[in-house]
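Work through the exercises below with the sequence and the 3D structure at hand. Each task is followed by a solution in steps.

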Amino acid sequence: MKPETLAIHSGNLYKSATGDVTPPISLSTTFLRDEQGGYPGGHMYSRVSNPNRTALEKVLSELEHGEDACTFSSGNAAGMSIFQALKPGSHIIAPDDMYWGFKKQLQSIFEYTLEFDFIDLTKTEEIEAFLKPNTVMIWAESPSNPLLKITDIPAIAAITRKHNLIFACDSTFASPCLQNPIQLGADIVMHSSTKYIGGHSDVLGGALITSKRNEYWEKIRNIQQIGGAVPSPFDCYLLLRSIKTLSYRMQGHCHNGMALALFLEKHPKIETVYYPGLNTHPLHKIAAAQMTGFGGMLSILVKGGVTEAKKVVNSVKIFAQATSLGGVESLIEHRASVEGPDTKTPQNLIRISAGLEHIDDLISDLEQALN
């Protein structure tokens, strides 16, 4: 089945007596045992598994062409389980433009148990120089947050295969509809399902999908079940409901993202536009080769520095000045002030999440804010 069809039908696991077309929410925290002590319904306790979570993990694994999926209560919990499953002393290579939440995890939570280097993964020819005897993983993020860097996923995959490393890829900005890292050679794909997968800014979640069930994956599954940072049945229901429209929402996000990038690229008050769909993006050809669309995320550098950038975010009428991304409503934010005093993000950078409003209204709003 094509992604549009999978998104609608894959999560419908129920064959109930009442003939529900939409799977109901299963709120029970515990499940009946039979006379032999087994669990005929397939579930024991909702921290370990739940019908709604099983359905969500099934559809995500199929959309990403993986063997299995684990869902979590947040994107940060999903990413953290990847790091927790590594042996103490392991070395990770991560991108220099890495989502600040994961970078902060490594620097503040795993600073005494893991080693890590943040490098420019777009320079694939230099990566092997950073490998150490204890290197076990390359973590990529494509497109990256907030500079929209593009990682050559097949090239990184070739390096990790050569050196028997784990290759994990954060594909949140792309969603499963625009990019499938497992098909490009990644071992594990990570999503903050709060973003495009949820799509309505009303549910928190994270997901990991694996190319194969192996010993490392079972450690991650154990962390999910024993650690207990799992999504609630209602969260899973909301995410499944949103996934049914994901493919068509992404078409709108891609359309509006490209239109905003083209408009802003020509605006006299904009210094730079970071959007992989533009021919001027230095890695546009790689993005076009591994993505079916370029998404709704873009960043801009405003001429005049931080003062002018903050004037823009304070002057919009339709865009909501708020963090996060991937919702139907357009969001805008001065990113450096979110990330804190140690940020490497340029002070005049504004990150934009193009929503699904009419593009003419979005362009008019940015035009008046810039002027």
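## Exercise 1: the two domains

The C-alpha centres of domain 1 and domain 2 lie 26 Å apart. The model is a predicted one.

Task: state which residues belong to each domain, and how many residues of each take part in the contact.

Solution. Step 1: the domain assignment gives 3-241 as domain 1 and 245-370 as domain 2. Step 2: 33 residues from domain 1 and 37 residues from domain 2 form the contact.

## Exercise 2: the interface

Solution. Step 1: the size of an interface is often given as the accessible area lost when the parts come together. Step 3: on the side of domain 1, I150, L178 and Y196 supply 25% of the area buried against domain 2, more than any other three residues. Step 6: α1 (3-9) and α5 (153-162) each supply at least two residues of the side of domain 1 that touches domain 2.

## Exercise 3: K195

Task: locate K195 and decide whether K195 is buried or exposed. Then list its contacts.

Solution. Step 1: K195 sits in the loop between β6 (188-191) and β7 (206-210). Step 2: the relative accessibility of K195 is 16%, so K195 counts as buried; the cut-off is under 20%. Step 3: apart from neighbours within four places in sequence, K195 is in contact with T172, S324, L325 and G326. Step 4: the side chains of K195 and S192 make a polar contact at 2.9 Å. Step 5: an unreviewed UniProt entry places the feature "modified residue: N6-(pyridoxal phosphate)lysine" at K195.

## Exercise 4: R351

Task: why does R351 count as buried, and which residues does the side chain of R351 reach?

Solution. Step 1: R351 lies in strand β12 (residues 349-353). Step 2: R351 counts as buried because its relative accessibility is 4%. Step 3: the R351 side chain reaches the backbone oxygen of S324 at 3.2 Å. Step 4: the side chain of R351 also makes a polar contact with the side chain of E333, at 2.9 Å.

Key:
Residues numbered from 1 in each chain as written. Predicted model: local features only at pLDDT ≥ 70, side-chain atom pairs only at ≥ 80, totals over all residues. Heavy atoms only, no water. Helix = DSSP H or I, 4+ residues; strand = E, 2+ residues; numbered from the N terminus. Buried < 20%, exposed > 50% of the residue type's maximum accessible area, 1.4 Å probe, protein only. Polar contact = N/O pair within 3.5 Å; in protein donor to acceptor, adjacent residues only side chain to side chain. UniProt positions renumbered as here; feature names shortened; annotations may be inferred. Contact = heavy atoms within 4.5 Å. Domains from an automatic or database assignment. Buried area = accessible area lost by both parts, 1.4 Å probe.
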